Amino acid sequence: MAERNENGAGMRRVSEIVAVLLMSLAAGLLAALLVGIGAAALTVRGSVRLSQLNGAALGALLLAGLTAGLLCLRKMGRKSVLLWGVCGAGTVSAAALICGCLLYGLPEPTVLLSRGFAPLLGGVLAGVLAAVRK
């Protein structure tokens with residue numbers, strides 16, 4: 001505790017930041033997995049056509065970014081809510097882009113931008129919701 005007081009009350013250890021970002025990534029990917037399972041079940045049932053799955057994927061990424069941003073905000077404190085929301089969602093965005101490029105190759109630029117910015121929009125939404133809540 002004395003070490004934290006010398007460096008300032010707001011300073012965090014790098015290991016603590018990395019742990020929180022990895023936890024927020026896991027929570028975000030779990031939220032995206034649950035939405036994906038729901039969309040797959042609706043597709044098999046016949047309620048959703050295959051052409052509508054792109055919207056479900058963007059919704060899943062938005063929800064994953066929102067979840068990751070809210071968890072990161074909760075663990076990292078009340079200051080800089082927009083920054084921590086975007087940082088938490090940025091981990092989901094980076095993981096989605098890297099996994100998508102490794103599995104399917106480099107997509108079109110519009111697909112790349114939409115799937116990169118959907119989680120970040122969720123993180124911004126998490127920061128705004130936390131700021132309004134104050």
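Here is a walk through the fold of this predicted model, from the overall layout down to a few individual residues.

Start with the big picture. The protein chain has five helices and zero strands, so reading from the N terminus on you simply get α-α-α-α-α. Taken along the principal axes, the C-alpha atoms fill a box of roughly 60 × 30 × 20 Å. Of the 134 residues in the protein chain, 27% are buried.

On one side of the story is H2, which covers residues 14–45, while H4 covers residues 81–104. The two pack at an angle of about 60 degrees, and their axes are 9 Å apart. An angle of that kind is neither roughly parallel nor roughly perpendicular, the latter class running from 65 to 115 degrees, and H2 and H4 are therefore oblique to each other. H2 passes H4 in a right-handed crossing. From H2, the residues that do the meeting are Ile17, Leu21, Ser24, Leu25 and Gly28; from H4, they are Trp84, Cys87, Gly88, Thr91, Val92 and Ala95. By class, that contact divides into seven nonpolar, four polar and no charged residues.

Now for H5, residues 109–133. H4 packs against H5 at an angle of about 160 degrees, with the axes 8 Å apart. Angles over 145 degrees count as roughly antiparallel, which is why H4 and H5 get that description. Their crossing is right-handed. The H4 residues in this contact include Val81, Gly85, Ala89, Ser93 and Cys101, and among their H5 counterparts are Leu112, Arg115, Gly116, Pro119 and Gly123. Here the classes come out as 13 nonpolar, six polar and one charged residues. Val92 of H4 turns up in the contact with H2 and again in the contact with H5.

Leaving aside neighbours within four places in sequence, serine 24 is in contact with Ala68, Leu71, Cys72, Gly88, Thr91 and Val92.

The largest nonpolar core has nine residues in all: Val20, Leu66, Cys72, Leu73, Met76, Val81, Trp84, Ala126 and Ala130. Helix H3 (53–76), H4 and H5 each give two or more residues to this core, and H3 gives the most, with four. Setting aside neighbours within four places in sequence, tryptophan 84 is in contact with Ile17, Cys72, Leu73, Met76 and Lys79. There is also a second, separate core of seven residues, which includes Leu25, Ala32, Ala60 and Ala95. Leu25 and Ala95 are also part of the contact of H2 with H4.

Finish at the loop between H3 and H4, the place of serine 80. Most residues other than glycine have a negative phi. Serine 80 has a positive phi of about 55 degrees, although it is not a glycine. What about its accessibility: is serine 80 buried, partly exposed or exposed? At 44% relative accessibility, serine 80 counts as partly exposed.

Conventions. Residues are numbered from 1 along each chain as its sequence is written. This is a predicted model: local features need pLDDT of at least 70, side-chain atom pairs count only at pLDDT 80 or more; totals for chains, interfaces and linings use all residues. Side-chain values use heavy atoms; hydrogens and water are left out. Axes are lines fitted to C-alpha atoms, for helices over the stretch in contact, and angles run from 0 to 180 degrees between N-to-C directions. Angles under 35 degrees count as roughly parallel, over 145 as roughly antiparallel, 65 to 115 as roughly perpendicular and the rest as oblique. A crossing is left-handed if the near helix is turned anticlockwise from the far one by less than a right angle, and right-handed if clockwise. Contact means heavy atoms within 4.5 Å. Ala, Val, Leu, Ile, Met, Phe, Trp, Tyr, Cys and Pro count as nonpolar, Asp, Glu, Lys and Arg as charged, and the others, Gly among them, as polar. A nonpolar core is a set of buried Ala, Val, Leu, Ile, Met, Phe, Trp, Tyr and Cys residues joined through side-chain atoms within 4.5 Å. Buried means under 20% relative accessible area, exposed over 50%, partly exposed in between (1.4 Å probe, protein chains only).
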